[in-house]
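This is a short walk through one protein model, taken a piece at a time. Please keep the sequence and the 3D view at hand while reading.

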Amino acid sequence: MRILPRNDPRQYDDLAGEWWRPEGAFAILHWLAEARARLVPPASRPGAILADVGCGGGLLTPHLHGKGYRHIGLDLTTSALEHAADHGLTPVRADAGALPLADGSADVVVAGEILEHVPDLPRAVAEACRVLRPGGLLVLDTLNSTALSRLVAVTLAERVRGVPRGLHDPALFVDPRVLERECARHGVALAVRGVRPSVPGLVAWLAGIGGGRGRIVPTWSAAILYQGRGIKKG
């Protein structure tokens, strides 16, 4: 891989072949996508839209089958969108801080593992809430801005086999209290809970066995990784 600045989106072009390798560098993103989808109920009306902000290679797609949404994937990286389109979503090249969707057009907005990459968190949150209809659902997951999170997600993770260095800038990690306040400003009461990879799945992946089969489970602490779920006021 090229040597690029931390959090440079061009890294995902170099990693394009990893998106759909469940045992590869993005294995935990597969587990997170499945956990994210568990928070999304079946569509409540025909033609319901799910806006997947920072969709990457479209890992959420197989977990939405049968739920009745038109799945729109928004991402800055063209190579990732090409993979996403191959798996059935509608790809749109877009910045998380300037979504090309109408106000209130989405029944569900998902922002998975993207908020820790955006340079302007308030703007990205405002956009996610703007495109969400009243009564619509916001689902997200991201990394906490704690010393423990920086240790685990950067210092340790970047020493693990196959994980490239520089994917994250820890200066952009997200304090859940700040995120809750930003969502509340736009009418979304966000409930947060800590999550983590299951120990057997993580150990198997680190050991290079098990085919990348792992799972994200709730945990008592949100100090490293957390999910958020909230409804926009009607």
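Asp107 lies in strand β4, which spans residues 106–112. The model is a predicted one. Asp107 has a relative accessibility of 5%, and because buried means under 20% relative accessible area, Asp107 counts as buried.

Which side chains does the side chain of Asp107 meet through polar contacts? One is the side chain of Arg45, at 2.7 Å. Another is the side chain of Arg133, joined to that of Asp107 by a polar contact of 2.9 Å. Neighbours within four places in sequence aside, the residues in contact with Asp107 are Arg45, Ala48, Ile49, Leu132, Arg133, Gly136 and Leu137.

The next stop is helix α5, residues 147–156. Its buried residues are Ser149, Ala153 and Val154. These residues cover an arc of only 80° around the axis, and so they sit on the same side of α5. An α-helix has 3.6 residues a turn, so residues three or four places apart point the same way. What do the buried residues of α5 pack against? Their partner is β5, residues 132–143.

Helix α5 also holds Val152. Is Val152 buried or partly exposed? With a relative accessible area of 32%, Val152 is partly exposed. Together with Leu148, Leu151 and Leu156, Val152 makes a nonpolar surface patch of about 300 Å².

Conventions. Residues numbered from 1 in each chain as written. Predicted model: local features only at pLDDT ≥ 70, side-chain atom pairs only at ≥ 80, totals over all residues. Heavy atoms only, no water. Buried < 20%, exposed > 50% of the residue type's maximum accessible area, 1.4 Å probe, protein only. Helix = DSSP H or I, 4+ residues; strand = E, 2+ residues; numbered from the N terminus. Arc of directions from axis to C-beta. Contact = heavy atoms within 4.5 Å. Polar contact = N/O pair within 3.5 Å; in protein donor to acceptor, adjacent residues only side chain to side chain. Patch = residues over 30% accessible without salt bridge, like charges linked within 9 Å, V, L, I, M, F, W, Y side chains within 5 Å. Areas by Shrake-Rupley, 256 points an atom, 1.4 Å probe, with all protein chains shown as cover. Salt bridge = Lys/Arg side-chain N within 4 Å of Asp/Glu carboxyl O.
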